[in-house]
Amino acid sequence: MSSLVSSLNLAQRLLVQYCHSTFFILGMVGSLINIVLYSTYRLRSNSCCIYFLVSSVCALILLPIGIVPQLYSLYNSPNPFTTISSFCKARMYLNQTSAMSCRWLLVMACLDRCSSCSTNAFIRRFSSLPVAKRAACLVLIICFIFPIHTLIYSNIQPPGGISCSITDDGVAVYHRFYTIIMGGVLPCLIVLLGSLVIWKRLQARKRRQIVISKDERMRRRNQIQEQQVMIMLIVQVGIFIISTIPFMSYNIYDTMTRTVTNKSADRKAIESFCKTLSELLVYLISMSFYSNTLVSRTFRKELIFLVKCMSSWGRYQRSTQVQPITATVTQNMAPRRLTKIQTGNTAK
């Protein structure tokens, strides 16, 4: 084994051990807090936050399915991912569906904000809570149906069970093109164009607000909230594009070199390391809580309000705890026994 192979193997192991575990902890905590915050009345009344809420739920599926088996394989042998066929199929299917759901829910959130910024009243109707709920359900159904082939054709790759992949060559080519187009190219193009439209309309709205009278406080407050949601969306779109480009590039390269059989050990080690790194970056889509906290004042206010409510509830619980009361009974406090005096006629 060459020094390059051993170094990359060590780097890959450290990458999984430290970076994947960090992403798992931060992503799970952030997704759980996202679900709580997006469920509050102030945020769930915004149609775009419906997509964020469902995406956070999908992230709770993506992180354990994608990261936990890799962490388990570092300390335990054999790896169930490469030894149990049913686990191989289930992990590949759930990993694909949850990742696709997160991406396309972000696309729908971007389209929702584009419609809300439109000057056409008919287009603005698509930016509503009923439409958002139906669209989110439709995205989940489609994302769970399209990768159904992974449940059928995924299997442990012979010889030796070195990995879990699609063994049929024709289905494997379809799966790679499906992943590249539906998981990379198409959503990136849609969110990029949508973000440009949103940004232009935000700038136009700021220019119009100089002329608008300052009496409409409620309307102004709603506009500020919508702008904060749009900023959150634009930042998430940027993170999504940055994290998807390496993953998409590796899949394109892997598809083009699939028929190459005489790869050297160094090349295989480089490819394995790049694959692990690109898969790690995909999980950045589950870190939206931290970007939202940094860029959105409305999101921070909701978070602070949540923390205050939890601390107040904790103080209330401590103050209402019933303390055990021990009572001592003294002699004076003892109940008196009432005796019934029977009287009778005395004999004469």
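**View 1. Asn-251 sits in helix H9.** Helices here are DSSP runs of H or I with at least four residues, strands are E runs of at least two, and both are numbered from the N terminus. The model is predicted: local features need pLDDT of at least 70, side-chain atom pairs count only at pLDDT 80 or more, and totals for chains, interfaces and linings use all residues. Residues are numbered from 1 along each chain as its sequence is written, and side-chain values use heavy atoms, with hydrogens and water left out. Asn-251 has a relative accessible area of 11%, so it is buried. Buried means under 20% relative accessible area, exposed means over 50%, and partly exposed lies in between (1.4 Å probe, protein chains only). Beyond its neighbours within four places in sequence, Asn-251 contacts Thr-179 and Ile-180. A contact is a pair of heavy atoms within 4.5 Å.

**View 2. Arg-176 and Asp-254 form a salt bridge.** The closest N and O atoms are 2.3 Å apart. This pair links distant parts of the chain: Arg-176 is in helix H8, Asp-254 is in helix H9, and 78 residues separate them. A salt bridge requires a side-chain nitrogen of Lys or Arg within 4 Å of a carboxyl oxygen of Asp or Glu. Arg-176 is buried, at 16% relative accessible area. Asp-254 is buried too, at 15%. Side chains of opposite charge can pair when their charged atoms come close. The whole structure holds three salt bridges.

**View 3. Asp-112 pairs with Arg-113.** Their closest N and O atoms lie 2.7 Å apart, in a salt bridge. Asp-112 belongs to helix H4. Asp-112 is buried, with 3% relative accessibility. Arg-113 is also buried, with a relative accessible area of 2%. Leaving aside neighbours within four places in sequence, Asp-112 touches Ser-47, Cys-48, Tyr-51, Phe-126, Ser-127 and Ser-128. The C-alpha atoms of Asp-112 and Ser-128 are 8.3 Å apart, although the two residues are separated by 16 positions along the chain.

**View 4. Helix H4 is largely enclosed by the rest of the structure.** The expected span of a helix is 1.5 Å times one less than its number of residues. For the 32 residues of H4 that gives 46 Å, which agrees with the 46 Å between its end C-alpha atoms.

**View 5. Arg-267 and Glu-271 meet in a salt bridge.** The N to O distance is 3.4 Å. Both residues are in helix H10 (residues 265-282), four residues apart, which places them about one helical turn from each other. An α-helix has 3.6 residues a turn, so residues three or four places apart point the same way. Arg-267 is partly exposed, at 30% relative accessibility. Glu-271 counts as buried, at 11%.

**View 6. The largest nonpolar core has 56 residues.** Such a core is a set of buried Ala, Val, Leu, Ile, Met, Phe, Trp, Tyr and Cys residues joined through side-chain atoms within 4.5 Å. Tyr-38, Phe-52 and Leu-233 have the most contacts inside the largest core. Two or more residues come from each of helix H1 (3-38), helix H3 (47-75), helix H4 (85-116), H6, helix H8 (169-208), helix H9 (217-256) and helix H12 (297-319). H3 gives the most, with 14 residues. Leu-233 touches Phe-52, Leu-106, Ala-109, Cys-110, Arg-113 and Ile-198, not counting residues up to four places away in sequence.

**View 7. Five residues make a nonpolar surface patch: Leu-138, Ile-141, Ile-142, Ile-145 and Phe-146.** The patch covers about 470 Å². Patches are made of residues with over 30% relative accessible area and no salt bridge; like charges are joined within 9 Å, and nonpolar side chains (Val, Leu, Ile, Met, Phe, Trp, Tyr) within 5 Å. Accessible areas come from the Shrake-Rupley method with a 1.4 Å probe, and for residues only the protein chains shown count as cover. Phe-146 lies in the loop between helix H6 (129-145) and helix H7 (149-153). Phe-146 is partly exposed, at 40% relative accessibility.

View 8. From the N terminus, the elements run α-α-α-α-α-α-α-β-β-α-α-α-α-α. Buried residues make up 41% of the 348 residues. The protein exposes about 20800 Å², with carbon and sulfur atoms supplying 65% of it.
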